Amino acid sequence: MMHLPQPDGAGDDHFEAIWQDERWLPYREAWAGANAAYRDAGGSPWLVGPMGLGDDIESDQRLLWEGRRKNVRVDAIRHISVPCCPMCGSQITGAVDHYLPKDTFAEFAILFENLVPACANCNSAGKGKIYRGDADPDRFIHPYYDDWASAAIWKVEIEPPYEAPTFSATPLAGLAAPIASIVSFHLKHVLGKQWLGFNERTWGALPDRLIGRTPENAPITPDAVRAKLETRQWDANRFDGVNSWTSALLRGVLGSDGAVAHIASRTEGVAALLLE
């Protein structure tokens, strides 16, 4: 989850050759208007609706994607250098996702502003055909238009018992109501089993990772552990992304005195075993 600059190829320049074809010429004005409406609305599915040109036309619009999915500019979106997936926050990228699904919005199948970098899971099993909730403003975060996604917007809640905690994703307190609602909808639909598995592995490994940075015989207190976690949080924000899975989990740990105390206790146990 992050804000990105507009991709190379944004705009209607690459549509010009398409619209000169007699197949598409009758739809040029309406199609250009739909693209303009998309940009004005920041891709919001509450402000943009499908053109509804009929099954045959829409099928041909979707086929335009098949001939351009390996385009140099599309490939640049696919392999953009970012610290985490702009959609879910995982440390994996390498795919291109249609922000508004081409099955419903065939006219945006090759609109560069609708093509966002993502991980393979977000592109397949993550969003699916869902593109908005039951009521405005619930929708997905748009990497190109939602500039507020450049700041921290979520955290992981760790519910005891801490020996086998339950993890849940929640918007950060203090977000404006519309943004909090969007973030809540987004988290619900992009995070799945892979995210839960990441939390379980990372939570279980934290004591071992922290002890490696603890001088021999140094006291292991909740305050000392908190300081180490804050250092790891700084690293994660800077190198993994402020809304990456790692950053969100560490925010949740640091926001819970019980979680910090549990990690401190386990870290002390690990240290004792190493000194035997």
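1. Trp31 has a relative accessibility of 1%, which is under the 20% limit, so this residue counts as buried. The model is a predicted one.

2. Phe15 is buried as well, at a relative accessible area of 0%.

3. Across the whole structure, a search returns 14 aromatic pairs. One of them joins Phe15 and Trp31: the ring centres lie 5.7 Å apart and the planes meet at 65 degrees, so the pair is edge-to-face. The angle decides the class here because planes over 60 degrees apart count as edge-to-face.

4. Trp234 and Phe239 make another edge-to-face pair, with 6.4 Å from centre to centre and 80 degrees between the planes. The centre distance falls within the 6.5 Å cut-off for a pair. Phe239 is exposed, its relative accessible area being 53%, whereas Phe15 is buried.

5. Which residues do ring pairs link into a cluster? They are Tyr38, Phe105, Phe108, Tyr131 and Tyr145.

6. Arg132 lies over the face of Trp46, 4.1 Å from the ring centre. Arg23 has its charged end over the ring of Trp24, at 5.5 Å from the centre of that ring.

Methods: Residues numbered from 1 in each chain as written. Predicted model: local features only at pLDDT ≥ 70, side-chain atom pairs only at ≥ 80, totals over all residues. Heavy atoms only, no water. Phe/Tyr/Trp six-rings, centres within 6.5 Å; stacked < 30°, edge-to-face > 60°. Buried < 20%, exposed > 50% of the residue type's maximum accessible area, 1.4 Å probe, protein only. Lys NZ or Arg CZ within 6 Å of the ring centre and 35° of its normal.
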